[in-house]
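Subject: Structure handover

Hello,

Here is the structure you asked about. Please open it next to this email and follow along.

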Amino acid sequence: APIQTPDPATCNPPADTAPADLSCCLPYGTGTAIADFKPPPASAPLRVRPAAHLADENYVAKYEWAVELMTKLPDDDPRSFAQQWRVHCAFCDAVYDQVGFQDLDLQIHNSWLFFPWHRFYLYFHERILGKLIGDDTFALPFWNWDAPDGMTFPAIYANQSSPLYDERRNPAHLPPFTVDLDYNGTDSNIPRDQQIQQNLTTMYHGIQCQEDGTLLRAALPAGRPARPRAGTVEQVPHGPLHPWVGDPSQPNGEDMGPFYSAARDPVFYAHHGNVDRMWHIWRGLTPSNTDFTDADWLDATFLFYDEDARLVRARVRDCLDAAALRYTYQDVGLPWLNAKP
Ligand code: C2O
């Protein structure tokens, strides 16, 4: 059977490394209705997500304004930044049990739930931001870490006077330091050219040279212990970039390091934009790159708050086509396609 929408009325304190007084429960009261997700109409404008390092001034101003408005919403508004980052915590940190299995946590990482859950998460986050500034074409940026020009921390997030700034980051990894997509906790300090080549090879490994299903990875039907196994891109480069960004002087490498606080850093959404883009691109590369057809995957459901602050139940099968969700990515090329070592 598929993993079911958690019961928002039974919410536990987060486990993991989270502070004892943190609550990540979705705002929910006895009168809260849950609506079924409906994709936007086919006539809705297509939102084109730009590469963060190519975004122009007008775009950045608009994006900063949207995040600022989100930050200023009252903390108990489900669309506020304070609630938005907690949604990630809610699905990662044993906050909800699997429906029907009180001793099993609901956790969307390290399994086939990873890509669809994060796709929906960005989808709703993006629409909330757009709605706050009255722009139904607004699209989140993506951190283009798979191309040489994107292989530094995206500068728009490093401006201290911007709402995109977060002080809990590794100061040594801010621009112009070159990203290591396979970071293991220690900087290798090799020349930039060499690091870029390594990164392209890492990308090639994660996407090009793999067997069927290894990008999406291990099945997680209801009733199985969480985190069976991560797909290739979830493992690398998705995984290493979290601690690479987080501040090593914080107790757990906050913000980007641990599950509970990762989405408190605005760059989280750009990082996951590119992770989502990799799923999207992988699907289009060859006809044999197909999604699972197992109903336990297709009918798995999650909960999110939408741009009208309604609680929505979303099914995996409704997020498989980015075009149907009315968004796409700026076309920036794929320099790793032939980066065979
Ligand atoms: Cu939900 Cu990059 O983690």
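Does Arg217 count as buried or exposed? With 22 C-beta neighbours inside 10 Å, Arg217 counts as buried. The cut-offs are these: buried means 20 or more other C-beta atoms within 10 Å of the residue's own, exposed means 12 or fewer, and partly exposed is in between, with C-beta atoms placed from the backbone.

Two notes before the rest. This is a predicted model: local features need pLDDT of at least 70, side-chain atom pairs count only at pLDDT 80 or more, and totals for chains, interfaces and linings use all residues. Residues are numbered from 1 along each chain as its sequence is written.

Helices (H or I, at least four residues) and strands (E, at least two) are DSSP runs, numbered from the N terminus.

**The loop between H4 and H5**

Arg217 sits in this loop. Its phi is near 65°, a positive value in a residue other than glycine. Arg227 lies in the loop between H4 and H5 too. Arg227 also has a positive phi, of about 60°. Arg227 is partly exposed, with 16 other C-beta atoms within 10 Å. Most residues other than glycine have a negative phi, and most peptide bonds are trans.

The model has cis bonds as well. One joins Pro175 and Pro176, with omega about 10°. Pro176 is in the loop between H3 and H4. Another cis peptide bond joins Val236 and Pro237, with omega about 5°. Pro237 lies in helix H5.

**Helix H4**

H4 covers residues 192-207. The buried residues of H4 are Gln195, Ile196, Asn199, Leu200, Thr202, Met203, Gly206 and Ile207. They cover an arc of only 155° around the axis, so they lie on the same side of H4. That arc is taken from the directions from the helix axis to the C-beta atoms. On the other side, Asp193 and Gln194 are exposed. What covers the buried residues includes helix H5 (232-245) and helix H6 (267-285).

**The listed histidines**

Which residues does UniProt list for "binding site"? The unreviewed entry lists His238, His242 and His272. They span 35 residues in sequence, yet no two of their C-alpha atoms are more than 10.4 Å apart, so they gather at one spot. UniProt positions follow the numbering used here, feature names are shortened, and annotations may be inferred rather than shown by experiment.

His238 is in helix H5. It is buried, with 24 C-beta neighbours inside 10 Å. Not counting residues up to four places away in sequence, His238 touches Val233 and Val275. Contact means that two C-beta atoms, placed from the backbone, lie within 7 Å. His272 is in helix H6. His272 is buried, with 23 other C-beta atoms within 10 Å.

**The sheet**

Three strands form an open sheet in the order S1-S6-S5, with mixed pairing. Strands pair if DSSP finds at least two bridges between them. S1 (34-36) and S5 (301-305) stand at the edges, each with a single partner strand, so one side of each is left without a neighbour in the sheet. S5 and S6 (residues 311-315) run antiparallel and are joined by five bridges. In S6, Val312 is the bridge partner of Phe304.

Best wishes

Definitions and conventions. Expected span 1.5 Å × (residues − 1).
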